[in-house]
Structure formats: structure tokens, C-alpha cells
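I set down here what I looked up, entry by entry.

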Amino acid sequence: MLANIKIVYHQGKQFIPDVTKAKVPGIFSGRPVISSEKVNETALVDLCPLDAISAGPVRIDLGKCTFCGECARQFPEKITFTTDYKIATNERDRLIIKAGDDKPVEVNPEKVRDEIHRVFGRSLKLRQVCAGGDNSCEMELNAANNVQFDMSRFGIDFVASPRHADGIVITGPITVNMAEALQICYDAIPDPKIIVLVGTDAISGGIHAGSTALDRSFLAKYPVDLYIPGNPAHPLSIINGLLDLTRKLKSPK
Amino acid sequence: MNYIAIENNQTIPVVAIPEVSYNEFFVLNTELLANSPERHCVTYFGYPVGNEIKLVCCIADDSAHKIFVSSSRVKPSASLDSFTAVNFCFEKFEREIHENFGIGYKDHPWLKPVRYSQSRADHSKTLANYPFFAIESDELHEVGVGPIHAGVIEPGHFRFICNGEQILHLEIQLGYQHRGIEKQFIEKKKLLQRATLAESIAGDTVVGHTVAFSQVWESLCGIGVSHDIGYARTIALELERMAVHTGDLSAICTDVAYQLGSSVYGRLRTPLINFMQEWGGNRLSKGLIRPGRNQFPFTHELANRLVQVFDAFEPDFLEMNRQLKQLPSALSRFERTGVVSYDDVLSIGTVGMAARMSGLSRDIRMSHPYTLYAGLNHEPVIKHHGDVYSRVQIRMQEVSQSIYYLREIVKNVPEIPENTPSIGSPKPNAFALSLVEGWRGEICHCAVTDDKGELIIYKVKDPSFHNWLALALAVRNNEISDFPVCNKSFNLSYAGHDL
């Protein structure tokens, strides 16, 4: 008993008091900023292994980006990655960062369905489905609930049964072999329900985009409520994205 | 000689691999493994050459530090004698060859699908009609779990045949994660795309797979890499091992409902992966390792930071280990649970931790060293009981071993050379093979180029490819409630298996 108390004491305070303002250590690659510098745009576009960069003016699609930082390394005067981890949004277009943009990627509360605030604003239970994910986003989703990030303090939890869930969190590019299981799981969740895509693979197929082993037709059928980019998505991106979606208030009319 | 002996990370002309008749190929490879625990099959695959399939088999010899490569050409319509009938360690390799090309095996004991790739030979075989083993009895019942599991983990289907609470047999059906990685290696032409593919094979073994890919590529291109590159890779490999082992100890504690262990090990993983982020900008080391260059040099400042991280980590980790090892309620769940015997792991050819848990010494860091490992005189951590507790102890001791190695290594931070040689392009008609000891065990990447130096086949083998069968054997005669802790104690990769 005493030994256990000693162990608890030795851990000190681990939890992050305010996950909306926490700083990430080191050289985290978060939201990029593109300057108006003139560079060889063809070379820049060609450089990206994911075709996430397009020219005229230069844009980076965070839904395709793996945050490998190669563009910032080769064209440091053009592209820099900030440590801003708040990059989740409910609008796919917002993930495309244009030259000169230096504003946060945010959830647009005007586009959030009414029932999301009303029903899920204080409690959100999610069923996660890995559909070809490589286990990196899955590990970060688990980390979001460890003693440091402690997402369940906000009433947001992962549950085992889709019957208990308020929504589905999809990771991975959605393989042909997982497409049916994903559909069955989604159908088993009672209405109203949300769809959250976590990680580059889920949002665009990532490096696997175009592979014949994928079947992304599920995403054509239903509106997506939240995109959380990253490769993998950082736990702080995940928590802040979910909080913004369910709690950010609409501007008074 | 009907085979060629090569070293780890060596490139040879494809024509240097002796091509023999299938009969000779069969006798050669099955006899190489007969009564030789120091030898095992690292990869065995086929690829189309004209109308025929060229089979390439690579047997590693851990005491000679060589890999014996041989080949044979057969017709896709052939019906062959199965290696598996002689030695079970070939079972999955032959199933894969059968699935991809339709080659028949007369006496394979279970020629079932492996991963249902889109280019499989027989599309009438689907996930829905997998031929599970069944036992007819009024007293037995079956339990089907998955592909979607209770937690936030990858998909796979487990089918248990149980007598009451007791598991008689477990069959594991995989393939849900199949993304066509090997095909994409051929289709995607940019080196950065291929490196990105390598790091998405298994997100928990990013460093292991990117190091294997980098070594294959550098070998194919015929460039040597400077000391600082091997130095950084060694540190990254050991940190990845530490982080995953620590996280797995947390998950194992969760599965025996030991909350303190679960929380403490879980939080101890964070400083390790946060260090990876300080170093390379990503908690799981994505983007850290690239062929032929050192884009995130390991500096003196990082070395000092790492020592600080270890100084804070080590006392808490060891204290938690001591507590767990004397906790009767945990030990009663760990000891004699999920046992796989030495004879069984040898027979099915497991690698890495799933071999070392039962007294079978298999560790590429010692037997086929690369980067800095030759200088470390690495001695693998070996346990003998083959139970959950052996796997727990291996994790604890390997973490301590990694700290010991890294504390030594970071005393000598190398200078970064000013000029990095350009990587060039792969040699034509070449065969290259790289073995890396990831935290799970041996990773094997293998490439063959055509006469223009383009890839024609890229084979990836994650250690899970061998080790899933060990999990199925481990749970036999255990209570089904012990399945989660058995599963977590192996922590095998679905994505790495399904590719």
C-alpha cells in the first residue's frame, strides 16, 4: 500500500491543466505558413510526395499533407511550419492553406448542425473504426485519453459498442476489405450521429490515394462533421477539434 | 553450389542467384533448416518472369552471419510439393504464393487466403467465405470477434472454438488492413513517396521499416552512408523499442485490470515519444529517416536532453517494475498464461521477442548486425517459459538494455560531414536484401530491379507475419478471458501483416 502511494507521489502532476493553451515541445510541424516569396513553383509542386501542394498561388492541402516538412526544408523562404496544432475543421476547404494565410484553421460554428451542440455538447461517446490505418493515429487516439491529455475530463470517451456511440471516428484510407465492416458499424450507431476523420490517410487516402485496394465510397454517402489532419494527428489536435465541434458557440444573430 | 551466401544489406546481380529445379530447391531449403535452430527463413516469395513464376527463398544463418539465397522457376498451374509439409515455418509464405499466383501445393496442411489482395489469383475466395476450422460437437461453442474490436485498435477477425471457458483452438483471419503497399512501391516512382510508404507499413514500427527501406535503397544504389547516419538510426531504433515496450507494459496492466501500472507506464511512454518530436518533429518518428541522408542530425544538445529524459524516466520505470513483479494479483495472471514451448516456436519459425521468450535466440542486432550494432556486442535478452510473464520481463529488461546502450552511444556524438553524396539510382538487374531488428523482431525488405534499374518487385516482411501463429498457439487451453492479456503481450501488427 505504502509502495503504491510512493509510486503515485513520484509521478508528480502529469495532467495538462489547459489543453487549449498547452505548448508542444520541440520542433512540432503544425499549421504551415506560406510567404509571398517568388520561388520555382513547378519544383515545389513536384517535390511533394503526396501532391498536397499546388501552384498559382501556392497552396498546401492539409488533408493530403503528411507534415514531413520536405517543402520547408527545400524552400525555407517560402514555407514554414508553425507549432500550431489546432488544425481541425468541419470544412474541407479550410484545410487548404494559401500563400499569405496566417490565421488559425478553425471549426466554423455556423456550419455545425444544431443537434451537435444540443445533444453532444457535454457528453460525446465515440466508436473508432480503423479502416486500413497503420496504427499511428490509433495510438494517438489512445494517448488522447492517457493521464496527460485526459480527454475524458470533457465527457468525451471511446466506447466498445456502436449502440452506445454518438458517432464514428475513422482512421486509415478505408480499404476494400474494411469497407463493409465500416458500413455495418456506422449503421448500428443510433441517430443523431457524427463522422470524424482523423489523419491524412482518412481525409484523402494519404500516401495510399489511388491504390486499387481502397474503397472510399462510404465518404461520398455521408457528410463529414470534422476533419482532424496529421500523420498521425496529435492528441492536442484531436481534443481541441472535438471540443470546438461540440462546444464552440455560434455568433449571436 | 545451388545457393549463394550473401551478407545483410548486400546487393547482388539477379543472375548470381542460382536457379535450380523445384525438386532441388525443395530439398535444399528444407534440408538447410533441418535440425538447425540457428537457421530460419527470412523471406520466401515469388514474382512473375514471362509466363512463369520465379520463387526466391532466403534462409538466414545466425552463426555464419550469412543469408543463403536460392531460386527456382515454376509454372503458375504447377502443383508442387509443399515445404510446409516438412517444416511449418514456411506455411504463410506458401499460402501467400498460392494466393498471389494460384500455384498449387499438394500437401500443404491449410492452404488458406492470407490478405485478399485485389490482384489475387482466385477472386471467388472472399473474406466472407474463409474456410475456418470447425469441430462438430454439442459441447463446444464458437466465439467470433472482430474485425472491429472493443478498443481503439486495428481490425482482424478471431474465431475461437471453446469448451466452456476454455479455448481449444483459435484461428486468426487477417487481410482487412490490406492497402496494396508492395504494389504501390512499384507504382510510385519518387524516392520520397517510397520512403513515406515505408513509414506507413506499420505506424508503431516507423523507424524499423524506414531503416530497412533505406538500407535496401542505399545498397541498390551502391552508396555507403556516413557514420552519423547509422548513429542516428541506431538511436531512433532503440528509442522506438523503448517507447513501444513501455506502452505495451501499460496495455498489459490494463488487461489485468491493474490501474496503477496502466497509468504509470502509459505516462512514462510520453517523454520518450516527445523526445522523438523534439528531435524530428513527429512523436512516432515519421519523416525522421530517409535514404542516403541525415536530415535531423543528432546534436550534442539532443544528447544532453536524452540523458535528462533517461535520468527522469529510469527511477520511475524501475520502481514500477519492482512493484509489478511482486504483485501477486498481476503475477497470477502472467505466469503460466499463454505459453508457447521452445519446440513450437522453433517449428513455426517465430522471430524477435516471440522467439526469445521461449529460449530461442533470434536477434538480428547480434546475428546480422548493421548500423552501430556490431560495435555494441549486443547480447539478446532470453527467457525460457514462453508465457506472458516472459514477454513482460523481456520488455522490462530490453528497455533497461536500450538505456544502457544509448547512454554509452550519446557520449560520442559524431561530426556531421558537410557534403552528402547524392544517392544516384539503383543498379539494373539487381537483388538487395536488408534485415533490421525492429522492436517486434526481424523486419526483412527485399527488392529486385529490371534492366533499367526500375523496381519490379518489392517484398516487405514484418515480424508479425511469422508471429501471429504463435499467438494462436499461446491461447490454447487458456481461459478465453485471458485472451486480451495474451494478445497484448505479443502486440502484433495487423497493418504490417496485411500490407
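**Entry 1: Confidence and conventions.** I began with the confidence of chain B, which averages a pLDDT of 93, with 100% of the residues scoring at least 70. I noted that pLDDT is the predictor's confidence in each residue, from 0 to 100. For the model I recorded an ipTM of 0.92 and a pTM of 0.95. This is a predicted model, in which local features need pLDDT of at least 70 and side-chain atom pairs count only at pLDDT 80 or more, while totals for chains, interfaces and linings use all residues. Residues are numbered from 1 along each chain as its sequence is written, and chains are lettered from A and ligands numbered from 1 in the order in which they are written.

**Entry 2: Chain B as a whole.** I found 17 helices and 13 strands in chain B; helices (H or I, at least four residues) and strands (E, at least two) are DSSP runs, numbered from the N terminus. The radius of gyration of chain B is 22 Å, close to the 23 Å of the globule rule for 499 residues, so chain B is as compact as a globular protein of that length. That radius is taken over C-alpha atoms, and the rule is 2.2 Å times the number of residues to the power 0.38. Along the principal axes, the C-alpha atoms of chain B fill a box of roughly 70 × 60 × 40 Å.

I then looked up burial: 54% of the 499 residues of chain B count as buried. A residue is buried if 20 or more other C-beta atoms lie within 10 Å of its own, exposed if 12 or fewer, and partly exposed in between, with C-beta atoms placed from the backbone. Among contacts in chain B between residues at least 6 apart in sequence, 67% join residues at least 24 apart. Two residues are in contact if their C-beta atoms, placed from the backbone, lie within 7 Å.

**Entry 3: Strand 5 of chain B and its partners.** I examined strand 5 (residues 66-74) of chain B, where seven of the nine residues are buried. Strand 1 (residues 4-6) of chain B pairs with strand 5 in the antiparallel sense over three bridges; strands pair if DSSP finds at least two bridges between them. In this pairing I located B:Ile4 opposite B:Val69. Strand 4 (residues 52-61) of chain B also runs antiparallel to strand 5, joined to it by nine bridges. B:Ala60 has B:Ile67 of strand 5 as its bridge partner.

Entry 4: Is B:Ala64 buried or exposed? B:Ala64 is exposed, because it has 12 other C-beta atoms within 10 Å. The C-alpha atoms of B:Ala64 and B:Ser367 are separated by 8.3 Å, although the residues are 303 apart along the chain.

**Entry 5: The domains of chain B.** The domain assignment gives domain 1 (1-114) and domain 2 (181-498) of chain B; such bounds come from an automatic or database domain assignment. I noted 26 Å between the C-alpha centres of these domains. Their contact takes 25 residues from domain 1 and 30 residues from domain 2. On the domain 1 side, strand 2 (11-13), strand 3 (39-49) and strand 4 of chain B each give two or more residues. Strand 3 gives the most, with six residues.

**Entry 6: Where chain A meets chain B.** I recorded that this contact takes 48 residues from chain A and 48 residues from chain B. The elements of chain A that give two or more residues to it include helix 1 (2-11) and helix 6 (176-188). The chain A side divides into 22 nonpolar, 22 polar and four charged residues. Here Ala, Val, Leu, Ile, Met, Phe, Trp, Tyr, Cys and Pro count as nonpolar, Asp, Glu, Lys and Arg as charged, and the others, Gly among them, as polar.

**Entry 7: A loop residue of chain A.** I placed A:Glu37 in the loop between strand 1 (32-34) and helix 2 (41-47) of chain A. A:Glu37 counts as exposed, because it has 12 C-beta neighbours inside 10 Å. Leaving out residues up to four places away in sequence, A:Glu37 touches A:Glu77 and A:Lys78.
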